[in-house]
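User: Can you walk me through this model? I'd like to go over the packing.

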Amino acid sequence: PAQTLPAEEGDSILQSVAGCEASPGILSDYFLKLSRLPAERRAALLSDPRFSALCHRAVTAIRLFSTPDLIHVLKACVPLAMPASHPLLNACEAEFCRRAWDMSLEQLLLVADCWRCLDRSVPSYLGILFSYANLHWKDLTLPQFVQLLYIIGEGRRSPADLVQKVESTILKHLDAFTLEELGAICLGLFKSLSGISDHVMRRIADRVSLQMEDMSTYALVNVLKMLRYTRMDHVPLMRELGKVIPARIPATNIQGIMHITLTYSSLHFFDEDVLAAVATSLPSKVSYCRSKDAAKFLWSFGCLDYEPPNEEEFYSSLIKQLHAKLHEFSKFPEHLLTALLGLAFVKRFPEELIDFALREEFVQKTRDSKYELNKDLFTLGKSVEIECPTYQGSHLSPQLCQEFTEMVSRFAEQEIYIRPEIMEATSLLESMLGGPEYVKNHMILPHTRSSDLEVRLAMDGHPIPFNFKDPVTSKKLKDMGVSLTDDLMSQLIQGRAHNQSPKEVGNEARQDRGHTAGALLLGGALPAGATSQAEPKPGCWQPREVRLALQVSNRNHFCYGSKRLLGLHCLKRRQLRLLGYVVVEIPFWEWFPLLKRTRSEKLSYLHYKVF
């Protein structure tokens, strides 16, 4: 920062502008001096005709400025807070684009940073800078490389021809960067949505996990953003974060806390100490939350199915902030849906906000959004129908629900019903129970986006046939013939962190079903029609029948490395029970290892689960 000049000096400069034809060097000096005036005097310049005359003179003489003088003018524009569309800035941008190839890399980076400070979008200039950098890549010093990546991030686009060079440079000099530089590199990669290989991200995370205590929270949060973006399950870093970050939460700003929390929920990593520290700190800072921040906090806590010790204060402060930010949701409808879904996961349904979100005009805004919000809208709308019997507000139209159901069903047929672990369970249950009419592989609750194997039992424990339509799965099973190879099994069992919303298990809801245990011999199939009855009408329950909803879960339904269900899957099981189903868990840690065992072992396991 330069030393402030007295206000009178500004007047004498502006007076002299009218009197003489100043050279470009003198004009440049005028701008620099005016930029050092006291703040209130600088603010008044933009409306002063004499200052406008000075700007006009600079525009007229723009090609006569030396490059250092022109850079001084642009630098002066930053403290002068020139509007991004000012004619002087238009002239400067055109001139810097014209002479860029004759400038040094240091000058090009400095000019790019001035444009960032002035909040002016300059895609043409940045394109030239990136081409120049590509051509002179070997001349970049490490600080220049960091600055270039920062500029790439602020420009919000990743030059495709630099990606490989960026990765190689990071790997080559990984140990030479300071921790703060690593944070700046990650921020640039994150903001420009640059793809980065798992190998490079893992190497960065390896180093950060060993030196985290020496890193500023700002730099650390930038690394977490990139970790989240690459969906990197780096356990040492997350464990170290759990030790370091709780004590820093009270001194961290609200956006930083939001990004920390979102890292845990995005990676499905549950750490009670971190979440409790966030919940304790948040109510006193909640007024600083943007609509986006409030939504991400609610989503994260709901996704991890965590209700903190101060849950009433925590939730009431965030819901109050949602009301305060209601005007923002017309522009950002995705944030309201994110927030309300996070609340629904933990059984909270603020009716005024739900009514607002399900009104026709808001629904239309979600449909026009650049984000795919239909599934979230569907989950919220149907959850309210099931869990809020006294709710009197807006609802989704039946036509919309039908459209959403068909959309989700198409996805399920292509991606869910045909998962090998589900197809194997379906096929074995059909054999065990007496045929395809005794089991149905479908989504009982399409809005929860995962499949159920439905089985119905009479009170004496006998299965009831009910699935008389050509079942999707048996047809697909014959068509596809999925082989459970060793490679496929290792993928199923070890997997890697994907990002579908996951959830739930734990309690083996073994409620008394009035069944006679072992009514069927192990693996013995009832002859088709042994309990022959007419197919029940959809939605109608036969007298004294028990409906089972078998949940063939996978790793993505649970918090990372645990048996703790995620919020969406907790919500699903809660709603199944509300509708009268008995939820039976077929958890992946039991079922996946069995897939490689004998048929009789698998039948024995499923028989125990059903009966």
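This is a predicted model: local features need pLDDT of at least 70, side-chain atom pairs count only at pLDDT 80 or more; totals for chains, interfaces and linings use all residues.

User: Which residues have the most contacts inside the largest nonpolar core?

Analyst: Y125 and W591, in a core of 192 residues. A nonpolar core is a set of buried Ala, Val, Leu, Ile, Met, Phe, Trp, Tyr and Cys residues joined through side-chain atoms within 4.5 Å; buried means under 20% relative accessible area with a 1.4 Å probe, protein chains only.

User: And which helix gives the most to this core?

Analyst: Helix 19 (residues 333-345), with eight residues. Helices are DSSP runs of H or I, at least four residues, and strands are runs of E, at least two, numbered from the N terminus.

User: What does Y125 touch?

Analyst: Leaving aside residues up to four places away in sequence, its contacts include F96, M103, L108 and W115. Contact means heavy atoms within 4.5 Å.

User: What covers the buried residues of helix 8?

Analyst: Helix 6 (87-99), helix 7 (105-117) and helix 9 (142-154) are among the elements covering them. Those buried residues include Y125, L129 and Y132.

User: Switching to the sheet: what is the strand order?

Analyst: The open sheet has four strands in the order 1-2-3-4, with mixed pairing. Strands pair if DSSP finds at least two bridges between them. Strand 1 (440-442) and strand 4 (582-586) are the edges.

Note on methods: Residues are numbered from 1 along each chain as its sequence is written. Side-chain values use heavy atoms; hydrogens and water are left out. Buried means under 20% relative accessible area, exposed over 50%, partly exposed in between (1.4 Å probe, protein chains only).
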